[in-house]
Amino acid sequence: MGFFLGLVFGIPVGVGLVILFVRSENARAQYRSDLAATVAAFAKMTVEDSKKILPGDYYPSWVVFSQRQKLNWLNLEFTKIWPYVNEAASELIRSTVEPILEQYRAGVLASLKLSKLTLGTVAPQFTGVSIIENDDSGVTMELELQWDGNPKVVLDIKTALGVSLPIQVKNVAFTGVFRLIFKPLVDILPCFGAVSYSLREKKKLDFAVKVVGGEISSIPGVSDAIEDTIRDAIEDSITWPVRKIYPILPGDYSDLELKPVGTLEVKLVQAKNLTNKDLIGKSDPFAKLFIRPLRDRIKRSKTINNDLNPIWNEHFEFVVEDPTTQQLTVKIYDDEGVQSSEYIGGAIVKLKDLQPGKVKDVWLKLLKDLEIQRDKKDRGQVHLELLYCPYGMENEMMNPFAAQKFSMTSLEKVFKSGTNGGEVVDTSSYKKKDVIVRGVLSATVISAEDLPAMDVLGKADPFVVLTMKKTEAKNKTRVVNDSLNPTWNQTFDFVVEDGLHDMLILEVYDHDTFGKDLIGKSIMTLTRALIEGEYQESVILEGAKSGKLNVHLKWTPQPIYRDS
């Protein structure tokens, strides 16, 4: 339903409400002139200017004019012209909606068409306006609106089993923010060349779906299929950063179209202390990750059976269109097989918080509601490594392989050139899946600090076991007796066959005459070593009451390529 709302408001506001129902060229010209003047006034208005509009002397010093202002005057005018907007926009929306709904139709639906569409008698209410950008290139404005409408929307659907049903959408409640971009600014009326509009934020969307003369719950899967179809249409057709562009003056406006600007490389490392959703045994967790929640853009990890501390170490890549507003969403589920998966919790990362070209290693608390961002219940944490790479930045990234004629474009290291026995090899035709980052990992266990006491005398006899996860190759340090702050300074070399997807597991034990007791452990990916070449880090010991381990990692690369 949100897609209908996008077009309901986007078309009238984006193109101009009056243009939709005014018939004469003179009226259109007058409207464009008035609209241009309004936009120009908004763009140039300062706080002092706004005070001059009304008798400023009557305002006490504590009155502050905020950026977002109420628009009572616009609501009055909009209510007056709503019947005309309803009449003019309904047919336009219908002709635009049908092919898009067909494009995103869920598999259980054989066909989906609009048999009736009117916007009803209740006009939306604009609750605020703000100027986001104001420079010589254009003006970006955001309008917040609320609509508790009474539209009449009837869908004629046909299921895959051949059942035809009239579906009514009713009881619509919507709150959202629309973004309008007036760009480029020109020196002839109406002072801008085109209007772009987009649903910037969907704050609330409630509606009911009902079979005309029947009950939709009697036909399993139909209600969910309709909602999935509408949701995908919303996300890929009108939700920011997607935008609709309407030329006002003749010209080429291709530069306003949505274009990818970079890639986000995500390594889903692990999760810990997940809530158990199973009565018998433990949850079988898997993750879904996305920037835009479209069916073909949602990534799914493998399922780790019977484990509340799963280790995935999986890599995913996402297209980024607007790093200033987009965010990565991670949701963890319990796999229930043929039944619906049960949601454990989720987390978000705003892309604007990432430094381009730098890996960010984060542990995120899982929340039930990602909108509210508050949750008193402990649902566990998820561990991610993130790297945002704007297009064109690849050659500027710090590259530990430069001396060997290697270059990296992302976390997956798509090698453009390489060496083989001293001979330079042209590898420009290799794809990501063909690249195996092979090399030697030199791991130095330097020391540990503040380890917990493990015996009655308040001491411990610690040593460290190092294990490569994929090959299970192991090494261990010597035992340091009677110390909670041991120093080892021991280096171990591991031949790694696939550095992109291997991990180093560090386990600290207390040596005992009759065995050993685990103090704590830490898991390290090789991502940072691959990018920086070598580095030193203090890692927290998971499962220990206290303590951290100081390690130094060095990577010596020897990339190879799979046979085609």
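## Exercises on a predicted model

Thr275 lies in the loop that connects β8 (262-272) with β9 (285-290), where strands (E, at least two residues) and helices (H or I, at least four) are DSSP runs numbered from the N terminus. The model is predicted, so that local features need pLDDT of at least 70 and side-chain atom pairs count only at pLDDT 80 or more, while totals for chains, interfaces and linings use all residues. Residues are numbered from 1 along each chain as its sequence is written, and side-chain values use heavy atoms, with hydrogens and water left out.

**Exercise 1. Work out the order of the open sheet of 4 strands, and find its edge strands.**

Step 1: two strands pair if DSSP finds at least two bridges between them. The order is β10-β9-β12-β13, and the pairing is antiparallel.

Step 2: β10 (299-300) and β13 (342-350) each pair on one side only, which makes them the edge strands.

Step 3: β9 pairs with β12 (residues 327-334) in the antiparallel sense over 6 bridges, and the bridge partner of Ala287 in β12 is Ile332.

**Exercise 2. Identify the largest nonpolar core and the elements that build it.**

Step 1: a nonpolar core is a set of buried Ala, Val, Leu, Ile, Met, Phe, Trp, Tyr and Cys residues joined through side-chain atoms within 4.5 Å. The largest has 48 residues, and those with the most contacts inside it include Trp82, Phe126 and Ile226.

Step 2: two or more residues come from each of α5 (72-103), β1 (109-118), β2 (125-135), β3 (138-149), β4 (152-159), β5, β6 and α6 (222-237). The element that gives the most is α5, with 9 residues.

Step 3: a second, separate core has 31 residues, among them Leu441, Ala443, Ala448 and Val496.

**Exercise 3. Find where the model calls for caution, using pLDDT.**

Step 1: pLDDT is the predictor's confidence in each residue, from 0 to 100. The mean for the protein is 77, and 76% of its residues reach 70 or more.

Step 2: over residues 1-28 pLDDT stays under 50, although the model has 90 contacts beyond four places in sequence for them. Over residues 398-434 pLDDT likewise stays under 50, and the model has 89 such contacts.

Step 3: where pLDDT is low, the predicted coordinates should not be read in detail.

Terms used: Buried means under 20% relative accessible area, exposed over 50%, partly exposed in between (1.4 Å probe, protein chains only). Contact means heavy atoms within 4.5 Å.
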